[in-house]
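Take a walk through the model shown here.

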Amino acid sequence: MRAILRMLFFLAVCAFTGCSGNQSALDPAATQSRQISGLWWIFFAITSAIFLLVLLAVLFFSFKKPAADPAPILVPNPRGERRRGILIGSLITLTILILFGLLISDFVVGRDLGQLDPNPIQVRLTGHQWWWEVQYRDPDLTKIVKTANVIHVPVGKTVQFELRSVDVIHSFWAPNFHGKKDLVPGHPTTNWFRAEKTGEYRGQCAEFCGLQHAHMRFVVIAEPPEKFEAWLGSQRQSGASPTSDLEKRGQELFVSTTCVMCHTVEGTAARATIGPNLTHVGSRPLIAAATLPNDAAHLQHWILNAQQIKPGAQMPQQTFSSDDVRALTAYLQALK
Amino acid sequence: MAAYPKNSQSLGPIVAMIAACLICSACKREQRSFTVAPPAAVPIQTITVSDLHPGSVLPAAPVPNDYEENAFALSEGKRLFTQMNCVGCHAHGGGGMGPPLMDEKWVYGSHPEQIFLTIVQGRPNGMPSFAAKIPNQQVWKLVAYVRSLSGLASSGASPGREDHMKGKPPESSVSKATPVNSGIPASAEKPY
C-alpha cells in the first residue's frame with residue numbers, strides 16, 4: 001500500500017513538471033496562450049471534480065450494504081419516485097448548465113483569439129524540409145530582414161505571422177505563445193500572438209514532414225521593444241567584413257565553392273536562397289534548425305558531414321581540407 | 001476437389017511467400033543512402049566529348065552511374081535541376097537559351113561520364129563550369145536525371161509525376177531515345 005502511494009505521489013510530481021518550462025503550453029508567455037491555458041485549467045478543474053464525484057458515487061454504492069428487508073419492487077412508492085425524479089432531473093440540468101458554461105467560456109476565448117491588433121509586426125515564416133525561414137516584412141524593401149530558425153519578438157506588441165511552405169505541410173508550434181497552425185504549400189495561413197514575458201523559448205514543427213521532422217526546431221526570443229529594435233537594426237546590416245587572414249580565406253572559400261550555390265551573405269557574391277540566409281549566422285544561438293549549439297566544433301562537423309547528423313537534409317557532404325573548414329568556420333562565426 | 005493435387009492446401013503459403021519475395025525486390029528502387037560514395041573517380045584522359053580528335057581513341061569502359069536505378073537519387077536530381085538553375089537555360093528539358101535535353105541529340109556525348117564532365121568543365125557557347133560549386137555526388141544525381149529526360153535512365157525509378165504544373169509527360173513515361181551525336185545547334189551559332 002505504501003509503495004503504491006509513493007508511486008502515485010511520484011507520478012503526480014512528474015505530471016506537474018509539465019506545467020513550466022520553455023516549451024510548455026501551461027507556462028504562458030503571451031496574451032493568447034494565457035487565455036488558452038486559463039481555459040485549459042477551467043476545463044481541468046471542472047472535469048476533474050466531476051470525475052472524482054462520479055468515482056466516489058460509484059465506490060459508495062458498490063460497497064453500500066443493501067437494506068435488510070427490501071420492499072417488493074412492484075409496490076408503488078409515489079414519494080420515493082418523486083424524490084428520485086427530482087434528483088435525476090436536477091443532475092441532468094446541472095450537466096447541461098456545466099456543458100453550456102464550458103461552451104460559453106470556449107466561445108469567449110475563441111472570440112478574443114480571433115481579434116487582431118490593427119497594426120501588428122509582419123513576419124513571413126516559410127517552412128522548408130527541415131528548417132524555418134524567417135522574414136521581417138517592411139514596406140521599404142531595403143529594410144526587410146531575413147534570418148532562419150530564430151524568431152525575435154518584442155514584449156507587448158502583436159506579431160502576425162504569414163505562414164507558407166515550399167514543399168510539404170509543416171506546422172508552426174511555439175506552445176508558450178499560441179496553439180499550432182499549419183503551413184500549407186500554395187495556401188498561406190496566418191497566426192499571431194502578443195508576448196508578455198521576456199525569455200528564450202523553444203518551438204517545433206508539429207506536423208510530420210519527413211525524415212528530420214523531429215529536428216525541425218526553432219527558438220523564440222521575447223525581449224523588451226528597444227532591445228528588439230536594436231536587434232532588427234543590426235540584422236539590416238550587411239555581413240561583417242572579415243578581419244583576420246583566416247576569416248578572409250574563409251570568405252574566399254565561401255563565395256567560390258559549394259556554399260555560394262545555396263546560401264546568402266548580404267554584401268558578398270553569395271545571393272542564393274535555397275538554404276538559410278547566413279548574413280548574421282554568428283549571432284544565432286543554435287544551428288541546424290535549432291538542434292546543435294553554434295560553436296566551432298559543431299559548425300565544422302555540420303559543414304563537412306551534415307548527412308551524418310541529419311540524414312536526408314539538403315546540406316550535402318563536403319570535402320574541404322581541415323585548414324579550409326577551419327577558415328570557413330572562423331568566417332561564419334565572425335558574421336555577428 | 002479430385003482435380004487438385006493432394007497437397008493443394010500447402011500451395012497458398014508458398015504463393016504468398018513468393019509474392020512477398022517479389023515485393024521485397026522492389027525495396028532497392030527507393031534505397032536511400034545519404035553518405036553514398038559517387039562512382040569511382042572519372043579517368044578524364046580516356047573520355048572523349050566529340051568526334052574531333054587526332055588518331056583514334058582507346059575504347060573506354062563506360063562509367064556506370066548507380067543513381068540511374070534509384071528513385072530517390074533521381075528525384076534529388078530533379079530537385080537540383082531546378083535549384084542549381086539548370087532550368088534557367090535548358091527549361092524543364094525542352095531547352096531555351098541552352099539546347100533541349102529531352103531529345104536524342106547530344107553535342108558533347110550522352111554517356112554518364114561525358115555529361116558529368118560537361119557539367120563540371122562547362123562547354124563553349126554558354127554552359128558554365130560548375131567545378132567546385134556542386135559536390136560530385138550531387139553532379140552524379142544531376143547526370144542521372146538529365147539522362148532520364150530522354151528515357152535513358154531506368155523508367156521504373158524515374159520520377160512519375162510533377163510536384164507543380166506540368167507541361168510534359170513525367171520522366172517515367174518517356175520512351176527511350178537512341179542518342180545521336182549532333183553538331184552545335186543552329187540556335188547556338190553566332191548570328192552573323
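A salt bridge here is a side-chain nitrogen of Lys or Arg within 4 Å of a carboxyl oxygen of Asp or Glu. The model is predicted. Over all chains, a search of the whole structure finds 16 salt bridges. Side chains of opposite charge can pair when their charged atoms come close.

Start with chain B. Its secondary structure comes to five helices and two strands. Read from the N terminus, the order of elements is α-α-α-β-α-α-β. Chain B has 192 residues, and 35% of them count as buried. Take the contacts in chain B between residues at least 6 apart in sequence: 67% of these join residues at least 24 apart.

Glu171(B) sits in the loop between α5 (136-148) and β2 (180-181) of chain B. Is Glu171(B) buried or exposed? Its relative accessible area is 1%, so Glu171(B) is buried. The side chains of Glu171(B) and Lys78(B) meet in a salt bridge, with 3.2 Å from N to O. Lys78(B) lies in helix α2 of chain B, while Glu171(B) belongs to the loop between α5 and β2, so the pair ties together parts that are 93 residues apart in sequence. Lys78(B) is buried too, with a relative accessible area of 16%. The pairing extends further. Salt bridges that share partners join Lys78(B), Glu162(B), Lys168(B) and Glu171(B) into one network. Within that group, a polar contact of 3.0 Å joins the side chains of Glu171(B) and Lys168(B). Leaving aside neighbours within four places in sequence, Glu171(B) is in contact with several residues, including Tyr145(B), Ser148(B), Leu149(B), Ser158(B) and Pro159(B).

Chain A has salt bridges as well. Asp323(A) pairs with Arg326(A), and the closest N and O atoms are 3.4 Å apart. Why is this pair separated by about one helical turn? Asp323(A) and Arg326(A) are three residues apart in helix α7 (residues 322-334) of chain A, which means a separation of about one helical turn. Asp323(A) counts as exposed, at 51% relative accessibility. Arg326(A) counts as partly exposed, at 43%. A second pair in chain A is Asp112(A) with Arg111(A), at 3.6 Å from N to O. Asp112(A) is partly exposed, with a relative accessible area of 25%. Arg111(A) is exposed, at 54%.

Helix α3 (residues 78-113) of chain A holds Ile98(A). This residue is partly exposed, with a relative accessible area of 25%. Not counting residues up to four places away in sequence, Ile98(A) touches Ile46(A) and Ile50(A). The C-alpha atom of Ile98(A) is separated from that of Glu247(A) by 66 Å, and the two residues are 149 apart along the chain.

Now the backbone. Most residues other than glycine have a negative phi, and most peptide bonds are trans. The peptide bond from Gln129(A) to Trp130(A) is cis, with omega near 0°. Trp130(A) is placed in the loop between β1 (121-128) and β2 (131-136) of chain A. Asn149(A) is not a glycine, yet it has a positive phi of about 65°. Its place is the loop between β3 (145-148) and β4 (150-154) of chain A. Asn149(A) counts as buried, at 9% relative accessibility. In chain B, Asn85(B) has a positive phi near 65°. Asn85(B) lies in the loop between α2 (71-83) and α3 (87-90) of chain B. Asn85(B) is exposed, with a relative accessible area of 51%.

Next, the cysteines. How many disulfides does the structure hold over all chains? The number is zero. The sulfur of Cys205(A) has its closest cysteine sulfur in Cys209(A), 3.9 Å away, too far for a bond. Cys205(A) is buried, at 2% relative accessible area. For Cys86(B), the closest cysteine sulfur is in Cys89(B), 9.0 Å away, again too far for a bond. Cys86(B) is buried, at 18%.

Last comes the interface. Here 16 residues of chain A are in contact with 13 residues of chain B. The area buried between the two chains is about 1200 Å², and carbon and sulfur atoms give 61% of it. Met261(A), Gln314(A) and Gln317(A) supply 40% of the area that chain A buries against chain B, more than any other three residues. By class, the side of chain A that touches chain B has seven nonpolar, nine polar and no charged residues. The count of salt bridges between chain A and chain B is zero. Across this interface, four residue pairs are in polar contact.

Technical notes: Residues numbered from 1 in each chain as written. Chains lettered and ligands numbered in written order. Predicted model: local features only at pLDDT ≥ 70, side-chain atom pairs only at ≥ 80, totals over all residues. Heavy atoms only, no water. Contact = heavy atoms within 4.5 Å. Buried area = accessible area lost by both parts, 1.4 Å probe. Polar contact = N/O pair within 3.5 Å; in protein donor to acceptor, adjacent residues only side chain to side chain. Nonpolar A, V, L, I, M, F, W, Y, C, P; charged D, E, K, R; others polar. Disulfide = S-S within 2.5 Å. Buried < 20%, exposed > 50% of the residue type's maximum accessible area, 1.4 Å probe, protein only. Helix = DSSP H or I, 4+ residues; strand = E, 2+ residues; numbered from the N terminus.
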